[in-house]
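Please open the model in a viewer and keep the selection panel at hand.

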Amino acid sequence: MAAKVEILELKRNSHPNNNWDKILNEVVKMEKKLFPKHESLARSFEEELRKKNTGLLYLELDGEVAGYVMYTWPSSLCASITKLAVKESCQRQGHGGSLLRAAIQKCRERKVQRVSLHVDPLRAPAVHLYKKLGFQVDALIRGYYSSDRDAYRMFLDFDAD
Ligand SMILES: CC(C)(COP(=O)(O)OP(=O)(O)OC[C@H]1O[C@@H](n2cnc3c(N)ncnc32)[C@H](O)[C@@H]1OP(=O)(O)O)[C@@H](O)C(=O)NCCC(=O)NCCS
C-alpha cells in the first residue's frame, strides 16, 4: 500500500489530537540528530515559534513526523527559510523538495518579493535542493555559524504579479 504523506502546519491547539507537544518533541529530536549544536534550534524551537510571523510545516509519513521546514516573514518585504530537515531514513524520496515548495508557497501568499536563507556550503544536498528550486547564491558569509563555519546566503525572487 502507498504511504500516506501529508504536509501540515503546526498550530497551537488546532491539530485534531491537539498534539502540539508530541509533534514539537519529534521535531526537536530530529533537530538534535541532524544538526550540530551551533546550527541547532533544538533548545529554542518553542521560542522561535512564538515569534510573530513565523510558521512551521511538518511532513507526516504514515502518521510519523518525517521532516519539517520553518519560515518567517518579518515584514512584507522579505521572508526567510530558517530550517529544513528530513529524517535520514526518509531522505532522497522527494520530501525535502515538497516541504521547501510548501514553505515557498506560504511566503508567496504573504506577498513578499524575496525569500532568503543561509546554508553551510558543506551541506551539498541542501545546496543542490535550493538551487534546483531556483535559489541563487548571493554571498558567502564568513564565520556565520561559528568561527570556522561559513554560510552561503541564498535568495529566490518572485516576479511581480
Ligand atoms: C537537505 C534535505 C532536507 C533534502 O531532503 P530530501 O528529502 O533528501 O530531498 P529530496 O529527496 O526532495 O531531493 C531533492 C533534491 O535535493 C538534492 N539532493 C538531495 N539529497 C542529495 C544528495 N545526497 N546529494 C546531492 N543532492 C541531493 C537533489 O537536487 C535532489 O533532486 P534530485 O533527486 O532530482 O537529484 C536533507 O538532506 C536533510 O535533511 N539534510 C540534513 C539537514 C540539512 O542539511 N538541512 C538544510 C540546512 S538548514
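Select Ser116 and the residues it touches: leaving out residues up to four places away in sequence, these are Cys78, Ser80, Arg153, Met154 and Phe155. Contact here requires C-beta atoms, placed from the backbone, to lie within 7 Å of each other. Ser116 belongs to strand E5; helices (H or I, at least four residues) and strands (E, at least two) are DSSP runs, numbered from the N terminus. Ser116 counts as partly exposed because 18 other C-beta atoms lie within 10 Å. On the scale used, a residue is buried with 20 or more other C-beta atoms within 10 Å of its own, exposed with 12 or fewer, and partly exposed in between, C-beta atoms being placed from the backbone.

Before moving on, note the basis of the tour. The model is predicted, so local features need pLDDT of at least 70 and side-chain atom pairs count only at pLDDT 80 or more, whereas totals for chains, interfaces and linings use all residues. Residue numbers start from 1 along each chain as its sequence is written. Colour the protein chain by pLDDT, the predictor's confidence in each residue, from 0 to 100. The chain averages 92, and 96% of the residues score at least 70. Mean confidence is lowest in helix H2 (residues 45–50), at 87, and highest in helix H4 (residues 124–132), at 98.

Next, select Val119, also in strand E5. Is Val119 buried or exposed? Val119 counts as buried because it has 22 C-beta neighbours inside 10 Å. Beyond its neighbours within four places in sequence, Val119 contacts Ala126, Val127, Tyr130, Ala151, Tyr152 and Met154. Lys106 is 13 residues from Val119 in sequence, yet the two C-alpha atoms are 20 Å apart.

Now display the largest nonpolar core, where a core is a set of buried Ala, Val, Leu, Ile, Met, Phe, Trp, Tyr and Cys residues joined through C-beta atoms within 7 Å. Among its 32 residues, Tyr58, Tyr68, Val69 and Ala103 touch the most other members. At least two residues of this core come from each of H1 (20–34), E2 (54–61), E3 (64–72), E4 (78–86), H3 (95–109), E5 (114–119) and E7 (149–157). E3 provides the largest share, six residues. In soluble globular proteins, nonpolar side chains tend to be buried together.

Setting aside neighbours within four places in sequence, Ala103 is in contact with Leu57, Val69, Tyr71 and Ile81. After H3 comes Lys111, with a positive phi near 65°.

Turn to H1 and select Val27, Met30 and Glu31, which are buried. Down the axis of H1, the buried residues fall within an arc of 105°, so they line one face of the helix. Their cover includes H2, E2, E3 and E4. On the face of H1 turned away from the buried side, select the exposed residues Asp21, Lys22 and Lys33.

Then show the ligand. Which residues come nearest to the ligand? Of the 20 residues around it, they are Gln91, Gly96, Gly97, Pro125 and Leu129, a residue being near if its C-beta atom, placed from the backbone, lies within 6 Å. E4, H3 and H4 each supply at least two residues of this shell, and H4 gives the most, with six.

Finish at two loops. Asn53, in the loop between H2 and E2, has a positive phi of about 60° although it is not a glycine. Asn53 is exposed, with 12 other C-beta atoms within 10 Å. Asp62 lies in the loop between E2 and E3; its phi, near 50°, is likewise positive in a residue other than glycine. Asp62 counts as exposed, with 11 C-beta neighbours inside 10 Å.

Key
Two residues are in contact if their C-beta atoms, placed from the backbone, lie within 7 Å. The arc is that of the directions from the helix axis to the C-beta atoms.
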